[in-house]
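Good morning, and thank you for joining. Please look at the model on the screen while I describe its pockets and then the chain as a whole.

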Amino acid sequence: MTTATRYQQPGKPTLVFNAVVTKLTQLGLSVWGSRELSVRGRKSGEWRSVPVNVLTFEGERYLVAPRGLTQWVRNIRVSGEGRLRVGRRLEEFRAIELSDEEKPELLRAYLKRWKFEVGVFFDGVGPDSTDAELLAIAPGYPVFRVG
C-alpha cells in the first residue's frame with residue numbers, strides 16, 4: 001500500500017465513538033468542532049454520512065481524512081460537494097482538494113487540536129513534527145478546503 005492509497009479501517013472503539021459523536025452532533029451538540037458530513041455516494045447517488053472534525057485555519061475551513069482514503073474521500077472527489085450538519089443547521093459546500101505541498105501546516109494545526117482523538121492514525125507524527133516529516137506523510141492524508 002502506498003501512502004496515496006493508505007486506509008485504516010476503523011476498529012470497534014472508533015465505531016462506538018463515532019456513533020456517540022454523530023448522535024450528539026445530530027442533536028445540535030458539536031464535540032470539539034464535530035459536524036456530520038454528508039456526501040452523495042459515487043455509485044449509488046444516495047447520501048452517506050460520517051462524523052468529521054472541521055478545522056478552521058487562517059479564516060478558512062478544512063476537512064482532513066486522518067484514516068486516509070475513506071469512502072467519504074472517494075465520494076467527495078467525485079461530487080466535489082457535500083453538506084455539514086449540526087442539529088438542524090445544514091450547510092452545503094463545495095470542496096477543493098489540496099496538493100501535498102499545501103498540507104503540512106494544516107496537518108500540524110489539525111494534530112494540535114485533535115491529536116488526543118486521531119493521533120493513533122498518524123504513526124508517531126505529531127504537531128511538533130518538522131515540515132519535512134509532515135510533507136512525507138501528506139499523500140496519505142487527503143485534505144479539502146470547504147466553502
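This is a predicted model: local features need pLDDT of at least 70, side-chain atom pairs count only at pLDDT 80 or more; totals for chains, interfaces and linings use all residues.

I begin with the second largest pocket, which is lined by 13 residues; Ser49, Val50, Arg67, Gln71 and Trp72 lie nearest its centre. By pocket I mean, on a 1 Å grid over the protein atoms alone, an open set of points where a 1.4 Å probe fits, with protein on both sides within 12 Å along at least five of seven lines; lining residues have an atom within 4 Å of a point. Rolling a probe the size of a water molecule over the atoms shows where empty space is left.

Residues are numbered from 1 along each chain as its sequence is written, and side-chain values use heavy atoms, with hydrogens and water left out.

The second largest pocket has a volume of about 240 Å³, a volume being the space filled by probe spheres set on the grid points, which are joined across faces, edges and corners. Helix H2 (71-79), together with H1 and E2, supplies at least two residues each to its lining. Helices (H or I, at least four residues) and strands (E, at least two) are DSSP runs, numbered from the N terminus. The lining of this pocket comprises six nonpolar, five polar and two charged residues. Here Ala, Val, Leu, Ile, Met, Phe, Trp, Tyr, Cys and Pro count as nonpolar, Asp, Glu, Lys and Arg as charged, and the others, Gly among them, as polar.

Which residues lie nearest the centre of the largest pocket? They are Thr14, Asn18, Glu117, Val118 and Phe121, out of 21 lining residues. The volume of the largest pocket is about 370 Å³. Helix H1 (12-26), strand E2 (47-57) and helix H3 (104-118) each supply at least two residues of its lining, and H1 gives the most, with five. By class, this lining has 14 nonpolar, five polar and two charged residues.

Turning to the whole chain, there are four helices and six strands, in the order α-β-β-β-α-β-β-α-α-β from the N terminus. Finally, the C-alpha atoms fill a box of roughly 40 × 35 × 30 Å, taken along the principal axes.
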